[in-house]
Amino acid sequence: MSLSTVLPSYGVKNGTLSIILTLVTLVVACIVLGYSVDVIKGGTEGEKTLPDFDYVKNFVIGIKAFILDLIYFIIPLIIVIVVASASGLFKSLTKIVYASSDAIANGANNLTMIMAKVPNSAVATFSNALTITLIVGIILFIIFSLMSFTAMVRFAKSGSGIEGLRFKEILKDMLKIGIIKIIVTLIVIYIIAFAMFLVIGLIGLIPYIGVFIGIFVGVPFIILYVYRAIGLLYADAE
């Protein structure tokens, strides 16, 4: 699914081919995500071998997993938008934009002159609202990211998307494992994965074949590592 971005760097530029590769990328991405869910399930059950590929099944599971992830992204996004609106972020930003546009229309040609025409109250409101929104957004991102991981594990173990939306059971699983343990383990997992990506980046510098070694060997290994590690982390959550 990386070919749509890799081939152009080799001089392969064709509009029709790009569209086809983009569609193939989406399909393969769903299959990979569905297979990753099976890898999580294998990790929770202590399996020592990789799950078999079933492309149709993996594709369907991948679609469900994507929708589940989307839900856990939309909920905090809606809350952040509400907070931003209630705190006056959008209204103050609109005032700043209008005042800046008027200043430029009247001959202001540098930032100092433009900001001199912007009401101080609008700048103060925007600054305070942005701070509040960012704090709320970061907190919600952390909370819902942890819940999303747990939801994906429940989905992997049960095969039911509804299980991934049982917030009360998800919180029980998280508390049983330990919030701190989950956070620390995920940080370690992603630090190791990041180190692997750096190695793949170095391998990619090998002329012609390096990028393909990374695509067909490095990236799949990292995907398997990350999702199996997540499965093992949640193995004790029953």
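Lys and Arg count here as positive and Asp and Glu as negative, while His and the chain ends are not counted, and the place of a charge is taken as NZ of Lys, CZ of Arg, CG of Asp or CD of Glu. By this counting, the mean positions of the 16 positive and 12 negative charges of the protein are 8 Å apart.

The model is predicted, so that local features need pLDDT of at least 70 and side-chain atom pairs count only at pLDDT 80 or more, whereas totals for chains, interfaces and linings use all residues. Residues are numbered from 1 along each chain as its sequence is written, and side-chain values use heavy atoms, with hydrogens and water left out.

View 1. The C-alpha trace spans about 70 × 50 × 30 Å along its principal axes. The protein has a radius of gyration of 23 Å, whereas a compact globule of 238 residues would have one near 18 Å; this radius is taken over C-alpha atoms, and the globule rule is 2.2 Å times the number of residues to the power 0.38. Of the 238 residues, 32% are buried, where buried means under 20% relative accessible area, exposed means over 50%, and partly exposed lies in between (1.4 Å probe, protein chains only). The accessible surface comes to about 14,500 Å², and 74% of this surface belongs to carbon and sulfur atoms; the areas come from the Shrake-Rupley method with a 1.4 Å probe, and for residues only the protein chains shown count as cover. Among contacts (heavy atoms within 4.5 Å) with a separation of 6 or more, residues 24 or more positions apart account for 75%.

**View 2. The ring pair of Tyr 35 and Phe 53 is stacked, because the ring centres are 4.0 Å apart and the planes stand at 10°.** Rings of Phe, Tyr and Trp (its six-membered ring) pair if their centres lie within 6.5 Å, and planes under 30 degrees apart count as stacked, over 60 as edge-to-face and the rest as tilted. This pair links distant parts of the chain, since Tyr 35 lies in helix 2 (residues 15-44) and Phe 53 in the loop between helix 2 and helix 3 (55-86), 18 residues apart. Tyr 35 counts as buried at 8% relative accessibility, while Phe 53, at 48%, counts as partly exposed. Ring pairs join Tyr 35, Phe 53 and Tyr 55 into a cluster, and the structure as a whole holds 5 aromatic pairs.

**View 3. Ile 40, a residue of helix 2, is buried at 2% relative accessibility.** Apart from residues up to four places away in sequence, Ile 40 touches Met 152, Val 153, Ala 156, Tyr 227 and Gly 231. Phe 194, in contrast, is 154 residues from Ile 40 along the chain, and the C-alpha atoms of the two are separated by 20 Å.

**View 4. Thr 150, in helix 6 (residues 120-158), and Met 174, in helix 7 (residues 167-177), touch each other.** Thr 150 is buried, with a relative accessible area of 1%, and Met 174 is likewise buried, with 4%. Besides Met 174, the residues that Thr 150 touches, not counting those up to four places away in sequence, are Ile 170, Asp 173 and Tyr 234. Met 174, leaving aside its neighbours within four places, is in contact with Leu 146, Met 147, Thr 150, Ile 179 and Ile 182. With Met 147, Met 174 forms a pair 27 residues apart in sequence and 7.9 Å apart in space, C-alpha to C-alpha.

**View 5. Phe 149, in helix 6, is partly exposed, with a relative accessible area of 22%.** Not counting residues up to four places away in sequence, Phe 149 touches Leu 186, Tyr 190, Ile 230 and Tyr 234. Phe 149 and Ile 230 are 81 residues apart in sequence, yet their C-alpha atoms are 8.0 Å apart in space.

**View 6. Val 97, in helix 4 (residues 89-105), counts as partly exposed at 42% relative accessibility.** Val 118 is 21 residues from Val 97 in sequence, and the distance in space between the two, C-alpha to C-alpha, is 8.6 Å.

Methods
Helices (H or I, at least four residues) and strands (E, at least two) are DSSP runs, numbered from the N terminus.
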